[in-house]
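Please examine the sequence and the structure shown here before reading the report.

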Amino acid sequence: MRTITQVTKGIKISVNTSFEGTFFKNYKMHYAFGYTITIENQSNHSVQLTSRHWQIYDSLNEIEILDGEGVIGKKPVIRPGESHTYNSGCLLASTIGAMKGHYNMINLESSEEEFRVYIPTFKFSAPFALN
């Protein structure tokens, strides 16, 4: 498992991915991928994650854009030196794909200044697809 990281304005994003398996949905084969993201606050300010923006790339489909509130139903406040980790996943029609995006955050100590934290591109591939 390879960890992808990126730091924006003192907020470090680390991503690990995994292949979860295959299954049929609506008479088509789908490939399930999981990912774990850790958001680590290396800044000197408390921040809150308010929303997310994803671009999902599937080698057999068009790019899918997803926007939503928080992450997995939460809008975590992350104090300096603390982190928030969550697990999620996506379904692809192909064995290869990728995701990237950003979180919208608020600096809770400077007049609730909003800023973006970029999520590095992370790739999905079923182990048998790369032989």
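The model is predicted: local features need pLDDT of at least 70, side-chain atom pairs count only at pLDDT 80 or more, and totals for chains, interfaces and linings use all residues. Residues are numbered from 1 along each chain as its sequence is written, and side-chain values use heavy atoms, with hydrogens and water left out.

**Core.** The largest nonpolar core has 26 residues, among which I39, W54 and Y103 touch the most other members. Such a core is a set of buried Ala, Val, Leu, Ile, Met, Phe, Trp, Tyr and Cys residues joined through side-chain atoms within 4.5 Å; buried means under 20% relative accessible area, exposed over 50%, and partly exposed in between (1.4 Å probe, protein chains only). Beyond its neighbours within four places in sequence, I39 is in contact (heavy atoms within 4.5 Å) with residues including L49, I78, Y86, Y103 and M105.

**Salt bridge.** The structure holds 1 salt bridge, defined as a side-chain nitrogen of Lys or Arg within 4 Å of a carboxyl oxygen of Asp or Glu. E69 and K75 form this bridge, and their closest N and O atoms are 2.8 Å apart. The table gives the accessibility of the two partners.

| Residue | Relative accessibility | Class |
|---|---|---|
| E69 | 54% | exposed |
| K75 | 42% | partly exposed |

Side chains of opposite charge can pair when their charged atoms come close.
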